[in-house]
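Please walk me through this protein model.

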Amino acid sequence: MSQSTTQKADAGLREGVMSGPELAAQAIASIAPSAVIAFTAASIFLGAGSGTMFAFVLATIVILCVGYIISMFAKRHASAGSLYTYVAQGLGPAGAFAAGVALLIGSWGIAAGSLGGAVSYMSDLFVIFGIESAGSTPWLIALAVIIGGGATFFTIRGIRISARISLVLELLSVAIILVLLVTALIVLGDAAWDPSQFSFEGVPFQGVAAGMVLGILGFVGFSSADALGREAKDPKKAIPRAIMWSAVAVGVLYVFSAYTQIAVLGDELGEVASPLQAVAEKVNMPGWFTPILVFGVAASFFAVVVAPLNVVGRIIYVMGKEGMVPERFGRTHETHLTPHRVLLIAGPAAIVLDIILLLAGTHPMDITVWVDTYGTYGYMVAYSLVAIAGVVYTTREGIKNRMIWVTATVAVVAMAYVFVANVYPVPAFPLNVIPYLFVITMLAAFSRYWWIKAKRPAVLDRVGKTHVEEMAGIG
């Protein structure tokens, strides 16, 4: 009796289930605007002063330049491979692998770092409710396990449920902050008008430029909807819209929040530990509003743990389909149709990293700063590569689009400036070693590429060719 050895076909990703708002939720949740608003405006204000709004405007312009190029690719190549697939169209397998690894570092780093932020704010919330021990290491570790485990569960359970949870939490968080900021302006009355913020007089250019760097960092992950090319409805239209409009909406939100915080707090903005809580106190918000505000920021951090993990899963899924990583990762869960094998590694790895740092005595918000910085280097490289790939691709294909050249130039120069600004002047430990950790990670990952090139060169011909219409039943 013969026994069939035919491998069961991959179930594939769920096709055409993500609506436009759900795609926007993925993009906005990856940005985590509420978490950025809570800290970034104050950090920019230290150098830019009344020019803080201009720094955010410049950052928004740079991000829209990057988004324009990504959208150009998204209109032509709907794939779960995100920038990995796009860069392959212009720079070939080596460029694609570099972009894919950089984006994986960026997405996983932001997820792991944001887990620290979620732990920190949930701990603060419990302390507000009278549980003083919530700030102890055992409590923090327990919160990391629960929050990180929950994020991993939702990403495995299904893309729609994870996107909807991200959407609800992020909208709730943004709504809470907008209630605070609008109320503050109403309370200020005529004093809410601050003409100094619309004047270039006395605005330090260097401070605004440095602030732009922080502003750009506040957008990383904005293009994550492009990893849902298989699961989106009408992806070649919906994904570009989600990318561009989410960037515009978040940019407007950043500018408005910066203006309001400066109008309310003035020079105090650079001195307070928690600007949003300081605004609440300044305008005499009721006592019950503080825990709601803290919960809102915690919810935003949780959403940004979920969203980047979705990206990690889908990039590795495509790389598994193409043989760039072990083929077993190019298969989905038979019921949930999600890349569960990747997620069962990426989610727990983020939890373990945070636990190690917590046991070493690291404050949860320091985890956010350190690990997010590591992830940000990945995004900078990925964005630069997709910009260069956009120029090469349109030139080779004979696509006449001068805006690609303009936006690519702006994007590459800006990303280079961001990188330099993060390494010079040399920051304090451990931020000074993080760039080297990033480079080591990239080189270690490339050992896989060099092995494939030497041992399985045929695999390289498949890179960038796994698009939405080809993705079912290959593995």
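Asn284 sits in the loop between α9 (275-282) and α10 (289-322). This is a predicted model. Asn284 is not a glycine, yet its phi is positive, at about 55 degrees. Most residues other than glycine have a negative phi. How open is the place of Asn284? Its relative accessibility is 67%. The cut-off for exposed is over 50%, so Asn284 counts as exposed.

A second residue with a positive phi is Asp234. Its phi is near 45 degrees, and Asp234 is likewise a residue other than glycine. Look for Asp234 in the loop between α7 (205-217) and α8 (235-265). Is Asp234 exposed or partly exposed? Its relative accessibility is 47%. Exposed would require over 50%, and buried would require under 20%. Asp234 therefore counts as partly exposed.

Most peptide bonds are trans. Tyr424 and Pro425, however, are joined by a cis peptide bond. Its omega is about -5 degrees. A cis peptide bond links Phe429 to Pro430, with omega at about 5 degrees.

Step back to the whole protein. What does its secondary structure consist of? There are 14 helices and 0 strands. Read along the sequence, the pattern is α-α-α-α-α-α-α-α-α-α-α-α-α-α.

Next comes the overall shape. The C-alpha atoms fill a box of roughly 85 × 55 × 40 Å along the principal axes. For 475 residues, a compact globule would have a radius of gyration near 23 Å. The protein has 22 Å, so the value agrees with that of a compact globule.

How is the chain packed? Of the 475 residues, 58% count as buried. Consider the contacts between residues at least 6 apart in sequence. Of these, 84% join residues at least 24 apart.

The protein exposes about 19100 Å². Carbon and sulfur atoms supply 67% of that area. The protein carries 27 positive and 26 negative side chains. The centres of the two sets lie 17 Å apart.

Definitions and conventions:
Residues numbered from 1 in each chain as written. Predicted model: local features only at pLDDT ≥ 70, side-chain atom pairs only at ≥ 80, totals over all residues. Heavy atoms only, no water. Helix = DSSP H or I, 4+ residues; strand = E, 2+ residues; numbered from the N terminus. Buried < 20%, exposed > 50% of the residue type's maximum accessible area, 1.4 Å probe, protein only. Rg over C-alpha atoms; globule rule 2.2 N^0.38 Å. Contact = heavy atoms within 4.5 Å. Areas by Shrake-Rupley, 256 points an atom, 1.4 Å probe, with all protein chains shown as cover. Lys, Arg positive; Asp, Glu negative; His and termini not counted. Charge placed at Lys NZ, Arg CZ, Asp CG, Glu CD.
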